[in-house]
Amino acid sequence: MSPTVPATPRQALFDPDEVSLAALPVCDHYAGVEPRMTKSLQLQAEMGPVFDVTLDNEDGAPVGGEFDQAQLIASLLAGPDNRWGRVGVRLLPVQHRLFSEVAAAVLGASRAPAYLMLPKPEGLADVQRAVQTLDALGGGAVPVHVLIETHGALRDVFAIAALPRVQSLSFGLMDFVSAHRGAIPQAAMGMSPAGGQFAHPLVLRAKLEIAAACHAAGKTPSHCVVTEFRNERALREAAEKASRELGYTRMWSIHPAQIRPIVEAFSPTAAEIEDAIEIITAAQAAQWAPIRHHDTLHDRASYRYFWQVIERAHRASLADGPQLPAELRLAWFG
């Protein structure tokens, strides 16, 4: 009797209990002022769920108006522009006196957020306390994302990433630099010909620690902002470095013009997709035994890499970007 061949490459190549990265969109777009929040939701409705929208109840909220901002966000979560259900919310820090009230207002929306971002935890204990509060408010089913932007959070980053409720970690560049009290120069918060945020050893170390912690725990590492939002060259350079050199699979956007370049930079190229398709289809025909492709040996270890290229292409494809052939998309993803 011939062995049963799994229906899809993922079933063939990965143990069902194996830790794997959550399939999050590669761009996380932030907006905190009502016209920009509305515009961002409308743009997402048009483009599709190739990027997330995070409605900001921390830095985007006026001081003293945090609860009003939470109510506005709740109405937007429930509104018709939240077409794809990929809208998250950045809450206040857990140390803030209004954390519970704001979280309750957001969780009281008729449509739950896709995730809740926790800013400025001082360490593992703050994240655990925030999660316990959210669970008590009825948010136990909402994934938690965490901003790593303090010394204590970076110290505990592997423990934070390992928490079951945590789905993604983001690097808070500007707060992290400010926490060094001038010891890291202002240039490390931006992009410059000398390297900017990719050049200073302390900043680079933090980025690498966050990425390593996420991959060890099967979570998504999300790269920080590029504040020079009208400099597309700088944005593309940062996105490509984050993706190709530092292991990040997601990145923040703070302006609508940044969304498409980030999606493109974090998506496989047409040549990468073509190679992956050739290798996976040949491997599938060989029932996942080793094959030779362009005089290079491939087996299940490399098949996993090339299948993940295909999954990334499937998740991040744009209407005018590289596409999987329709018959393969149907066979592999339904």
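Visitor: Is the crossing of helix 3 and helix 4 left-handed or right-handed?

Guide: Helix 3 crosses helix 4 in the right-handed sense. To read that for yourself, look at the near helix: turned clockwise from the far one by less than a right angle, the crossing is right-handed, and turned anticlockwise, left-handed. By the way, this is a predicted model, where local features need pLDDT of at least 70 and side-chain atom pairs count only at 80 or more, while totals for chains, interfaces and linings use all residues. Residues are numbered from 1 along each chain as its sequence is written, and side-chain values use heavy atoms, leaving out hydrogens and water.

Visitor: Okay, what numbers describe a packed pair?

Guide: Two packed helices are described by the angle between their axes and the distance between the axes. Helix 3 is residues 66-77 and helix 4 is residues 99-107; they pack at about 15°, with 8 Å between their axes. That angle makes helix 3 roughly parallel to helix 4. (Under 35 degrees is roughly parallel, over 145 roughly antiparallel, 65 to 115 roughly perpendicular, and the rest oblique. Axes are lines fitted to C-alpha atoms over the stretch in contact, with angles from 0 to 180 degrees between N-to-C directions. Helices are DSSP runs, H or I, of at least four residues, numbered from the N terminus.)

Visitor: What is the angle between helix 4 and helix 5?

Guide: It's about 45° for helix 4 and helix 5 (residues 124-136), and their axes are 10 Å apart. Helix 4 and helix 5 are therefore oblique to each other. As for the hand, helix 4 passes helix 5 in a right-handed crossing. From helix 4, the contact takes F99, S100, A103 and L107, and from helix 5 it takes A130, T133 and L134.

Visitor: How many nonpolar, polar and charged residues are in the contact of helix 4 with helix 5?

Guide: You'll find 5 nonpolar and 2 polar residues there, with no charged ones, where helix 4 meets helix 5.

Visitor: Which residues in helix 10 and helix 11 meet?

Guide: E232, L235, R236, A239, E240 and S243 belong to helix 10, and their partners in helix 11 are Q258, P261, I262, E264 and A265. The contact of helix 10 with helix 11 has 4 charged residues, alongside 5 nonpolar and 2 polar.

Notes:
Helix = DSSP H or I, 4+ residues; strand = E, 2+ residues; numbered from the N terminus. Contact = heavy atoms within 4.5 Å. Nonpolar A, V, L, I, M, F, W, Y, C, P; charged D, E, K, R; others polar.
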